[in-house]
Amino acid sequence: MTARVGVVTFPGSLDDGDAARAVRLAGAEPVRLWHGDAELHGVDAVVLPGGFSYGDYLRCGAIARFAPVMEKIVDASRGGLPVLGICNGFQILCEAHLLPGALTRNQHLHFRNRDQLLRVESTGTAWTNAFQSGQEILIPVKNGEGCYVADTATLDALEAEGRVVARYVGGNPNGSQRDIAAITNAAGNVVGIMPHPEHAVEALTGPSLDGLGFFTSVLKHLVGTPA
Amino acid sequence: MPRVVVDVMLKPEILDPQGQAVANALPRLGVSDVASVRIGRRIEIDFTGEPDLDQAREIADKLLANPVIEDFTVRVVGADETVDAQP
């Protein structure tokens, strides 16, 4: 049976369409989830897409965290549901305390929009098992509040536990501590990434096809997971 | 009716690029004796009844501030409070 991957639309989401398309190109069935949904419609995994949920009011992701669909996602993630938060989705995962740390204003205050080289460092997660450890990939980054911060103890723990999923290579676009571009929770089912893999899935529109690996990874992960 | 004021500030160890940008602009105003500027947020909450400080604290902790990067204070003021310049 085809895996069903939910893509949440919040008011102000931008990249939900591209995320759903990436899911389809990876060979899964995208299922559109609405922020007000009180159930997950039986999806096998969830993508929280980029954008400006609730206008980024208060803090990026702060209000989206309380959307009805997020309560279900938080519960299900504790049971192992794979969740990928991209950009604003990463911010939401931090605000929901599914991932440690926070994303703050880019150190140089400029919005950054460019193709960005990343090094994948953790391939044990539900969303990165299709990559080789140390593999360099090129995917777009576009954020104004992508500077990852956490206290030193948290950063040290992330490094020691192999939970830094990807780092910026060839220039840090936002001042993130220790060049962190993506992290995972202890179980490896929840991943937050600031750059946009869903924009690098087709030669016509992306700088590479490297982003597809995140979406094929979760399918591989689901095949290996007993229902 | 009294109102609850929540002040949210970035923790001292968190870089505040907005504050830095403002501080860097001050010399253009001819101000040269400012060591640093930090920018926070003031939120005013009016309850329908008596102000509930405990509830305001919970609102601040769960929504208004992100305890990972921010500190907050909660206080009750008169509804017509104006911000007085400190002498």
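Two residues are taken to be in contact if their C-beta atoms, placed from the backbone, lie within 7 Å. The structure is a predicted model, in which local features need pLDDT of at least 70 and side-chain atom pairs count only at pLDDT 80 or more, whereas totals for chains, interfaces and linings use all residues. Residues are numbered from 1 along each chain as its sequence is written, and chains are lettered from A and ligands numbered from 1 in the order in which they are written.

At the interface, 11 residues of chain A are in contact with 10 residues of chain B. On the chain B side, α1 (17-25) and α2 (53-64) each supply at least two residues; helices (H or I, at least four residues) and strands (E, at least two) are DSSP runs, numbered from the N terminus. The most is given by α1(B), with three residues. By residue class, this side of chain B comprises eight nonpolar, two polar and no charged residues (nonpolar: Ala, Val, Leu, Ile, Met, Phe, Trp, Tyr, Cys and Pro; charged: Asp, Glu, Lys and Arg; polar: the others, Gly among them).

Chain B has two helices and three strands, which run β-α-β-α-β from the N terminus on. Of its 87 residues, 14% are buried, a residue being buried if 20 or more other C-beta atoms lie within 10 Å of its own, exposed if 12 or fewer, and partly exposed in between. Among the contacts in chain B with a separation of 6 or more, 68% are between residues 24 or more positions apart.

In chain A, nine strands form an open sheet of mixed pairing, in the order β2-β1-β3-β4-β11-β10-β9-β6-β7; two strands pair if DSSP finds at least two bridges between them. Strands β2 (29-34) and β7 (136-143) of chain A are at the edges, each pairing on one side only. From one strand to the next, the twist averages 25°. Within chain A, β9 (residues 164-169) and β10 (residues 180-184) pair in the antiparallel sense over three bridges, and A166(A) stands opposite A182(A) in β10(A).

Not counting residues up to four places away in sequence, V5(A) touches V23(A), V47(A) and V218(A), among others.

Methods. Axes fitted to C-alpha atoms, helices over the stretch in contact; angles between N-to-C directions.
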